[in-house]
Amino acid sequence: MSMSLLIVQILNGLQLGVLLFLIAAGLTLVFGVMNFINLAHGVQYMLGAYLAVMFYGMTGSSLLALVFALLAALAFGLFLEFVVFRHLYERDHLDQVIATFGIILFLNQAVKYIWGAAPLSLPIPEYFSGSIVLLPGLTYPIWRLVIIASGLAIALLLYVLVSRTRLGMLVRAGANNAPMVSALGVDIRRLFMIVFGFGTMLAGFAGIMIAPILSVEPGMGDTILILAFVVIVIGGIGSIRGAFIAALLIGLADTLGRSFSVDILRLVMAPSPARTVGPAIASMLIYLMMALVLYFRPTGLFPPKGR
Amino acid sequence: MTRLPTAIFLGFALLPAAAAFGTETYLLDLFMRVMIFSIAALGLDLLVGYGALVSFGHAAFIGIGAYAVAILASHGINEALISLPVALIAATAFAYLTGTICLRTRGVYFIMITLAFGQMAFFLASSLAPYGGDDGLTMHARSTLFGLSPFKNERLFYYIVLACLIGCYCLCRSLVVSRFGRVFRGARENATRMATLGFDIYRYQLAAYAISGALGGLAGFLLANATDFVSPAYMSWQRSGELIIMIILGGLGTLHGAIIGTLAYSLLGEYLSGLTENWKMIFGPLLVLVVLLARGGLLGLAGQVAAWWRKQHAEPQP
Amino acid sequence: MTAPVLQLEGLNKNFGGLAVTRNVNFEVAAGELHAVIGPNGAGKTTLINQISGLVAPDSGRVLFASRDVTALSVPERAALGLARSFQITSILPGFSAIENVALAVQARIGTSFRFFGCAAAESALNAPALAALDEVGLTKRADALAGHLSHGEKRALELAIALAMQPKLLLLDEPMAGAGRDESRRLIAVLSRLKGRFPILLVEHDMTAVFALADRISVLLYGQILTSGTPDAVRADPQVVAAYLGEEME
């Protein structure tokens, strides 16, 4: 368990954490403001990655691919909102789960139909490729640092938006008491659409950013969706701050757990059972954490007031 | 009220005769699987339809039952008198233990925490390296009963599954109208009122959750024998989602709706996948349409159509 | 003299800095109908909630039949014989009226961990339930869905549920709330018949009802008990007249 390995894994954990935050932020806002469970949020992330690959193939420019993919992801998200989701806000959670599950089935298959089942890849933008030396003997890929930095920047931007602007005030109020906000004469439909579009774009952005270091394939949004749900439930549904803290917590716990569980277990048990039990515990770790958090705080760490 | 369920069970019972004219094993296999999932769906309908407890980790119960059988079989223990109780107890115990935590939460948090426990079971199975890990575990021999092999005869096995389904249906039917069921249903209507009457609803919900887990375990036992194989995929969250879809598709809180929904879901999937490789591109939007247009599932839709029909035919008379 | 059924000792409750219950001490004696009156926001419902266990007091004790129940849960207190009605009707709307009441009977007698047998066909449950419905004049509506009853009928049903528990103390939180003049008169008649059969703690806005029914009255103001006494004494208390009754007693 060397020091440099620990640092690398902490950075990897941070990177997973900010990625989860980008996805969870939209999910928790949509849930908090509209009381809408959107299982299809994960496919937005997948779509972001695929669109980036497609636009890169068309333009050959990473920057243009980013811009076009973001816009296309936003447009598609708003299209879905307009055609399907807005009819579901008033329905119970069960209906929302089923309808958005149907959309997952459709989109995963559609992606396979359009781009094929084989994994695709996207090159890292040239100016961010390669690694830098963090410490003597410790190098780290620049692109991963870019992901961490952009994720943190967006978290800061969100914080300012939510805590300092009128729109943010409405969002916070909506998370606490949606009927109240609409009683104030705010066009709730427009507010919903803005929040939804914003969340969609963040998920798409996460997909675009991760595409260069992950294989782009159908169903890639499903796993991350469940992780994002764990994040927002631990953080307290509707809370951006909770989502941020929980995302980093989950990112670090998952990454470090997978890297070091065997070593840690070997301190208390024989090597061979440790090698069996370690990975099992590591893969269940975050769900254990979620169960623990909900056992002591049934509405998460930072539940919005008034619920 | 009892006519429709009777008709369904009669249909299942007569199917092997009809199947004799065609591709028998295929149809038997398909309908047997429908009945097995119906058993699990009944247990889920008990929770969701009668208790408003949306369990999103229900596939784990099936998986645990299935793994119990397969793991015992891999150690050479094939006797159902041992493996069936083990499967039931394992699934019930898992439901009971996770239920003590899940039932402290409400609403969406309940959905999500049951999902989390489902995922835990999934990953646990994936990391069971001695039992196949991700790849799953093949059962080299089906369960025996008193040393005989009733599960090897496809028809006999089919009727055993049917008997299990009818038994579970009757059990659930009895449960929802019993004293216990009345308290359980009351908890969904008004939890505060139930508490002020003196009912600690947590205990009743926990019992129902454990019973539901046992039904899942039974389904798992049968499924492992039907497919000769178990894998972590049995416990994936998509499977849990499918189970929820099945009970909604048929009509919540009716019990036979759970069976109809499972039947419809499986047959539709089977039919569409025969049409095109990309059948999910049709199936997904269909689900959305069902949610948007057919409140109360197929049973609800049938009720609406029947009412409309009666109205149309009543009007001409003076 | 027998011990009081209910004793509150130094009860305090704050909601975010607002003291809604301030050092409340009082008793409900065996067999009496004790009314608590006070203007809106005086903390009457919060007080009832602390007695039935829905709200935990910050300090102080609740003694029920000489037993400290402060730490007990709502169902535990109910099982000891504490029944209540709600200011905002709280019934099971999807159950029939008789089923609502039969559940209360079921809570009182026998176990509810019985998985077989149709509960709706048990005469051991239905007979007492029907008797309770009869007392509040709902016999004819026994099979109607509770959610479909009229407002006054729902108020009566809530009373029947409480009755069927055969409580050792009945907490009634504004049973007349929202009822029309005729309905109120009928409910007062029902309450006067119940009076003496169980001790009752009645929180009510309807002064006619309170002065017609109560053996003793406590006046709650800003979370504090201003005074307790017989209806005549309370009516004559200048403090009460000044603080509260003045405008309403015209």
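The model is predicted: local features need pLDDT of at least 70 and side-chain atom pairs count only at pLDDT 80 or more, while totals for chains, interfaces and linings use all residues. Residues are numbered from 1 along each chain as its sequence is written, with chains lettered from A and ligands numbered from 1 in the order in which they are written.

Within E10(C), Gln224(C) is the bridge partner of Leu221(C). Six strands of chain C make up an open sheet of mixed pairing, in the order E6-E7-E8-E3-E9-E10. Strands E6 (82-85) and E10 (224-229) of chain C stand at the edges with a single partner strand each, so one side of each is left without a neighbour in the sheet. From one strand to the next, the twist averages 15°.

Helix H1 (residues 44-52) of chain C lies across E3, E6, E7, E8 and E9 of chain C, at about 150° to E7(C); axes are lines fitted to C-alpha atoms, for helices over the stretch in contact, and angles run from 0 to 180 degrees between N-to-C directions.

| Strand of chain C | Residues |
|---|---|
| E3 | 33-37 |
| E7 | 169-173 |
| E8 | 200-203 |

Between the chains, 19 residues of chain B are in contact with 26 residues of chain C, contact meaning C-beta atoms, placed from the backbone, within 7 Å. Helices H6 (154-177), H7 (179-189) and H8 (191-197) of chain B each supply at least two residues of the side that touches chain C, and H7(B) gives the most, with six residues.

Terms used:
Two residues are in contact if their C-beta atoms, placed from the backbone, lie within 7 Å. Helices (H or I, at least four residues) and strands (E, at least two) are DSSP runs, numbered from the N terminus. Two strands pair if DSSP finds at least two bridges between them.
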